[in-house]
Amino acid sequence: MSKDHHAVPNADGSPIVQLEPIAHPGCPICTAADRHRWEARRDGRTMAVADANRIIHDHPHRSAA
Ligand SMILES: [Zn+2]
């Protein structure tokens, strides 16, 4: 069990896709949603996890500051 999971591709050879949106660093909205998502996952509240994902996903950021 020493394989690096980050380097293992999917069974069909396609690259691993980030299933959940990533909170934008420094954004209070994304940061709050990310924390909410973490707590929801810890507590097993899948609906709340999905809700937090939607908040982050629907909060777009420009690539350039
Ligand atoms: Zn944001």
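A nonpolar core is a set of buried Ala, Val, Leu, Ile, Met, Phe, Trp, Tyr and Cys residues joined through side-chain atoms within 4.5 Å. Buried means under 20% relative accessible area, exposed over 50%, and partly exposed in between, with a 1.4 Å probe and protein chains only. The model is predicted: local features need pLDDT of at least 70, side-chain atom pairs count only at pLDDT 80 or more, and totals for chains, interfaces and linings use all residues. Residues are numbered from 1 along each chain as its sequence is written, and side-chain values use heavy atoms, with hydrogens and water left out.

**Nonpolar core**
- The largest nonpolar core has five residues: A23, C27, C30, A33 and I56.
- In soluble globular proteins, nonpolar side chains tend to be buried together.
- Leaving aside residues up to four places away in sequence, I56 is in contact (heavy atoms within 4.5 Å) with P21, I22, A23, C30, A33, D34 and R37.

**Zinc site**
- C27 (SG), C30 (SG), H59 (ND1) and H61 (NE2) coordinate the zinc ion at 2.0 to 2.3 Å.
- Donors are N, O and S atoms within 2.8 Å of the metal (3.2 Å for Na, K and Ca); water is not among the atoms, so sites may look incomplete.
- The site is tetrahedral, with angles of 100 to 116 degrees among the four donor atoms; four donors count as tetrahedral if all angles lie between 85 and 135 degrees.
- The donor residues follow the sequence spacing C-x2-C-x28-H-x1-H.
- H59 counts as partly exposed because its relative accessibility is 26%, and H61 is likewise partly exposed, at 34%.

**Helix 1**
- Helices are DSSP runs (H or I, at least four residues), numbered from the N terminus.
- C30, A33, R37 and A40 are the buried residues of helix 1.
- They lie on the same side of helix 1, because they cover an arc of only 90 degrees around the axis, taken from the directions from the helix axis to the C-beta atoms.
- Exposed residues P28, R35, W38 and R42 sit on the face turned away from the buried side.

**Helix 2**
- Helix 2 (46-57) is included in what covers the buried residues of helix 1.
- N53 is located in helix 2 and is buried, because its relative accessible area is 13%.
- N53 touches E20, P21 and R37, not counting residues up to four places away in sequence.

Terms used. Tetrahedral: all angles 85-135°; square planar, octahedral: opposite > 155°, others 65-115°. Helix = DSSP H or I, 4+ residues; strand = E, 2+ residues; numbered from the N terminus.
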